[in-house]
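Please take me on a short tour of this model in the viewer. Tell me what to select at each stop and what is there.

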Amino acid sequence: MNHILHCAIAPHLKTALDLHQRTSGLSLSEILEQALSQYLEVGEETLFQTSTINALVEGVYRGDLTVAELKEHGDFGLGTFNDLDGEMVVLDGQVYQLRSDGTAHVVEDGIKTPFATVTVWNQDIFAKSQDPLTYDQLQNHLSRLLPSENMFYAIRIEGTFKQIKTRTVSRQTEPTRLIDAAAQATIYTFNNIGGTLVGFWVPLYMQTVNVPGFHLHFLSKDLSVGGHLLDCLTDDITIALDETPFTQIALPDTSAFRSVDLTKDTRHELEAAEQDR
Ligand SMILES: [Zn+2]
């Protein structure tokens, strides 16, 4: 729960604050939170993840981390749920399950995740675009905004989209590899829709640990539909990036994770599972 502050500030600070609000696109609350967290050194600059992406590729679909525990590490991110039961979006502290029918639902705290990545959202870079960008073009655009490809970034893109193409994995009842589960996933196309793309840039050197490159999930503005982004055509969007210089990985303490062979090169399988075909 957020608190309301009433306080007096000097005129020159108010002028500077107004100017920053106009140029950054941030709300007054966001600016004050960033400023206070820096001053008081309680800011979170950590990307937290549970398990590794190559374990998910190998079909380790059950983790031991609950949604409640995940929320302690961040209010923004993505992932999936045990048994690969849909795609996850974490936005403004709320965890949403994007089910195989394309619909979005708030999930209960006791649900577990086999793979998820979150951070405490703290915007560092802000840009706007009104160009119609496909996902390929959007990725090129984002690449130019990244200060370094060797750092981790949380990415929040909000606005309107002429088209969004998503896929949503469905609950697996038999052991499968991620590539096979993804091949059966349902694909949806949404036209002229408002919403948020939530995701990350992960450096290529981390390719066995997390999804390398850009990885985005979509949640509609009315919180009703979404999925793992395959393609898009943007309309009027704002792009915000949060650089997170620290990473923390919680490995599942499960027999499946302890015994799975994670020495194989699964790059091509992961690429096929994550991208549009
Ligand atoms: Zn995804």
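Start with helix H2, residues 28-39, and select Leu 36 inside it. This is a predicted model.

**The zinc ion**

Next, select the zinc ion. Which residues coordinate the zinc ion? Show His 215, His 217 and His 228. His 215 and His 217 each use NE2, while His 228 uses ND1. The distances run from 2.0 to 2.1 Å. Along the chain, the donors follow the spacing H-x1-H-x10-H.

Now colour by accessibility. Is His 215 buried or exposed? His 215 is buried, because its relative accessibility is 8% and the cut-off is under 20%. His 217 is buried too, at 1%.

**The aromatic rings**

Turn to the ring side chains. A search of the whole structure gives 5 aromatic pairs. Select Phe 76 and Trp 121 for one of them: the ring centres are 4.6 Å apart and the planes meet at 40°, so this pair is tilted. The two residues come from distant parts of the chain, 45 residues apart. Phe 76 is in strand S3, residues 76-80. Trp 121 sits in the loop between strand S8 (116-119) and strand S9 (125-129).

Check how covered they are. Phe 76 is buried at 1% relative accessibility. Trp 121 is buried at 16%.

Move on to Tyr 188 and Phe 190. Their ring centres lie 6.2 Å apart with planes at 15°, so the pair is stacked; the limit for stacking is under 30 degrees. Tyr 188 is partly exposed, with a relative accessible area of 22%. Phe 190 is buried, at 13%.

**The cysteines**

Last stop: select Cys 7 and Cys 232. Cys 7 is exposed, with a relative accessible area of 61%. Cys 232 is buried, at 5% relative accessibility. How many disulfides are there? The count is 0, where a disulfide needs a pair of cysteine sulfur atoms within 2.5 Å.

Conventions. Residues are numbered from 1 along each chain as its sequence is written. This is a predicted model: local features need pLDDT of at least 70, side-chain atom pairs count only at pLDDT 80 or more; totals for chains, interfaces and linings use all residues. Side-chain values use heavy atoms; hydrogens and water are left out. Buried means under 20% relative accessible area, exposed over 50%, partly exposed in between (1.4 Å probe, protein chains only). Donors are N, O and S atoms within 2.8 Å of the metal (3.2 Å for Na, K and Ca); water is not among the atoms, so sites may look incomplete. Helices (H or I, at least four residues) and strands (E, at least two) are DSSP runs, numbered from the N terminus. Rings of Phe, Tyr and Trp (its six-membered ring) pair if their centres lie within 6.5 Å; planes under 30 degrees apart count as stacked, over 60 as edge-to-face and the rest as tilted.
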